Amino acid sequence: MTYDNVFKKWPAQHPERIQLYSLGTPNGQKISIALEEMALPYEAHRIEIMKDDQFTDEFIAINPNSKIPAIIDPNGPNNEPFAVFESGAILMYLAEKSGKFLPTDPAARSECLQWLFFQMGGVGPMFGQFGHFHTFAKEKVPYAIERYRNEARRLLTVLDKQLSEKPFLIGDAYSIADMATFPWVGTLDWAYKAAESLQLHQDFPNVMTWYERCRQRPAAVRGLAVTKIN
């Protein structure tokens, strides 16, 4: 498949590199962090979601679901350009391409993917709903705020227990599961201004220690700055 119209809308200065189409939301941050950690050459293009870039025909050509992030790998399978959407799928694709941050041992690989899907199916959607109703909704709905606050705290409790005796989600090794999850913990504070409401530092010390451990990695610092919102 060719992506000529995509490249016309977002011209590539380095077409031989992976092309990243993203914005510095937690879902977008996952991928720029992964690209930095894996040392995969890439070029980032800012997708202005508040200006509906994601609904253009060009973006839909690489993600029919109109959500950031998405990538085009010019050297995909069979050495053909290949687009990937859905942040979890992108993380798996990049990990397999680079041979990094996804264990090859079957049991460890499964554990990593379990925590990756925990983020994709739980942490991301539920933290996102909490942030919407807590911070951004024009009409404050106490029931919704309480419902998603309770679920966010429940998920944080699961993470805190998992991290009580481990430096990273699957043990001593940093993985794509960590890359997927820690930006969402950060957004509870910097975007949703909800650290106090959730009692993040008081009730989830293991999560916050792990968050700082992940956030301060040099590659994470670089990745978090890509297409940054503020």
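**Close-up 1. The cysteines Cys112 and Cys214.** In this predicted model, the sulfur of Cys112 has its closest cysteine sulfur in Cys214, 12 Å away, which is too far for a bond. Seen from the other residue, the sulfur of Cys214 likewise finds its closest cysteine sulfur in Cys112, at 12 Å and too far for a bond. With a disulfide taken as a pair of cysteine sulfur atoms within 2.5 Å, the count comes to zero disulfides. Cys112 is buried, its relative accessible area being 0%, and Cys214 is also buried, with a relative accessible area of 0%.

Close-up 2. Four strands make up an open sheet of mixed pairing, arranged in the order β2-β1-β3-β4. Because β2 (42-46) and β4 (82-85) each have a single partner strand and stand at the edges, one side of each is left without a neighbour in the sheet. On average, and with direction ignored, neighbouring strands of this sheet are turned by 20 degrees against each other. Strand β1 (residues 18-22) pairs with β2 in the parallel sense over five bridges, and Ile18 has Tyr42 of β2 as its bridge partner. Helix α2 (residues 26-37) packs on the sheet, where it touches β1, β2 and β3 (70-73), and its direction makes about 155 degrees with that of β1.

**Close-up 3. Strand β3 between β1 and β4.** The pairing of β1 with β3 is antiparallel and extends over three bridges, with Gln19 standing opposite Ile72 of β3. Strands β3 and β4 also run antiparallel, joined by four bridges, and here the bridge partner of Ile72 is Ala83 in β4.

Close-up 4. Helix α4 (residues 87-98) lies across β1, β3 and β4 and runs at about 130 degrees to β4. At 1.5 Å a residue, its twelve residues should span 16 Å, which agrees with the 16 Å that separate its end C-alpha atoms. The buried residues of α4 are Ser87, Gly88, Ile90, Leu91, Tyr93, Leu94 and Ala95, and they pack against β1, α2, β3, β4, α5 (106-136) and α7 (176-190). After α4 comes Gly99, which has a positive phi near 75 degrees.

**Close-up 5. Thr25 in the loop between β1 and α2.** Thr25 is placed in the loop that lies between β1 and α2. Its relative accessibility is 17%, so Thr25 counts as buried, the limit for this being under 20%. With neighbours within four places in sequence left aside, Thr25 is in contact with Ile68 and Ile229.

**Close-up 6. The nonpolar cores.** The largest nonpolar core has 62 residues, of which Ile71, Leu94, Phe127, Ile176, Phe182, Val207 and Trp210 touch the most other members. Helix α5 gives the largest share of this core, nine residues. When residues up to four places away in sequence are not counted, Phe127 touches Gly122, Ala152, Leu155, Leu156, Trp184, Val185, Leu188 and Tyr192. Another core, of twelve residues, lies apart from the largest one and includes Val6, Tyr21, Ile68 and Ile72.

Methods. Residues numbered from 1 in each chain as written. Predicted model: local features only at pLDDT ≥ 70, side-chain atom pairs only at ≥ 80, totals over all residues. Heavy atoms only, no water. Pairing = 2+ DSSP bridges. Helix = DSSP H or I, 4+ residues; strand = E, 2+ residues; numbered from the N terminus. Axes fitted to C-alpha atoms, helices over the stretch in contact; angles between N-to-C directions. Contact = heavy atoms within 4.5 Å. Expected span 1.5 Å × (residues − 1). Buried < 20%, exposed > 50% of the residue type's maximum accessible area, 1.4 Å probe, protein only. Core = buried A, V, L, I, M, F, W, Y, C linked by side-chain atoms within 4.5 Å.
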